[in-house]
Amino acid sequence: MASSKTKSFVKSFLHRTQNPVYYFGANTLMTVAEVAIRTADISFVYMIMPVGSRNQERVDYRNFPDESAEKMRILTVDVLQEWKQLFTTALELFPFVYNEIHVQMDSTPEHNKSVTDFIKSQKDSTDHCLMYGETKPDENVKYFLNNVNVTDVLRLNVKLSDRFQLSTSDGLQKLDIHHASWLNYEKFIRLNAVQLCINGAPLTNRELTNFLKSWMNSESHQHLRNLTTGVDDFVNFAGIFVEVPHKRVCVRRVLDVVTEYNAIVGAVGGFEIKRNDGATGTIYLGENNNFIAFKMIVTNVPE
């Protein structure tokens, strides 16, 4: 366990805030691993790095990008073990209301499963999870998601193989997929989230037509409120709706919709479709990471 001195330091630091609500973050990057604690007033980041590391003076805010964050650099001969100790200590000391875990799959791939087992032993679920890596770590990603339940936001920024299969729980609020070349239509149609953002897997116009038909018949994506995905033929965008009952939306509309920040979304032009329970889907072309994207906002959802 972490020393009593460390515990006293963290407790006295966070007691500076009145009626604090604690948010927890952890990052498994083994060159500069992190455990972070945040309240509405203060962010505090432990930065754990190996003795002699060239990164000793580096500032890294992977979990809470707040320049005012208090930082404590810890040099150790065993980054993973020190990270585990601080992870456990933080969970012992504070009643966190929101948990965020970042998992770097390339950092120490030989330890990925043991790190997952450790996280599960401390918390079998997390509100927010970001997974990133370049080495197509299909089995490790699958192992993590099978053992640690992600309940609110899942961000996959990993290069997975075409064999990878993803299943999501009904309560997931946001699913954000980068490097999504592995995600074909059959996998896409089975995804389930309130907000869905896909980068790198443009669907064909025929596949988008099939998706809209499925959604209108309440056969898929029943919890969807906000979709962003690629489209491979935006020039013939209107052709997607030839086989779909629709109405042209020719004026600017302001849509009250659930987004990551509960934003009000403005849609210019586009098409409007109806689901068989009365929900409305407004579809238009927008921008996502400097690419033209297919966007869909769902409103008028029955209670």
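Predicted model: local features only at pLDDT ≥ 70, side-chain atom pairs only at ≥ 80, totals over all residues.
The chain has 303 residues, of which 52% are buried. Six helices and 16 strands make up its list of elements.

**Confidence**
- Helix α6, residues 205-216, has the highest mean pLDDT among the elements, at 96.
- Strand β13, residues 264-267, has the lowest, at 55.
- Across residues 56-65 the pLDDT falls below 50. This stretch still has 40 contacts in the model beyond near neighbours in sequence.

**Fold and surface**
- Among contacts in the chain with a separation of 6 or more, 60% join residues 24 or more positions apart.
- The chain exposes about 14,600 Å². Carbon and sulfur atoms supply 48% of that area.

**Largest pocket**
- The volume of the largest pocket is about 440 Å³.
- Its lining consists of 20 residues. Leu 145, Asn 146, Gln 165, Leu 166 and Ser 167 lie nearest the centre of the pocket.
- Two elements, α4 (138-147) and β7 (149-158), each give two or more residues to the lining.
- Helix α4 gives the most, with six residues.
- By residue class, the lining of the largest pocket holds eight nonpolar, six polar and six charged residues.

Definitions and conventions: Residues numbered from 1 in each chain as written. Heavy atoms only, no water. Helix = DSSP H or I, 4+ residues; strand = E, 2+ residues; numbered from the N terminus. Buried < 20%, exposed > 50% of the residue type's maximum accessible area, 1.4 Å probe, protein only. Contact = heavy atoms within 4.5 Å. Areas by Shrake-Rupley, 256 points an atom, 1.4 Å probe, with all protein chains shown as cover. pLDDT = per-residue confidence, 0-100. 1 Å grid on protein atoms, 1.4 Å probe; cavity = no way out; pocket = protein on both sides within 12 Å on 5 of 7 lines; lining within 4 Å. Points joined across faces, edges and corners; volume = space filled by probe spheres on them. Nonpolar A, V, L, I, M, F, W, Y, C, P; charged D, E, K, R; others polar.
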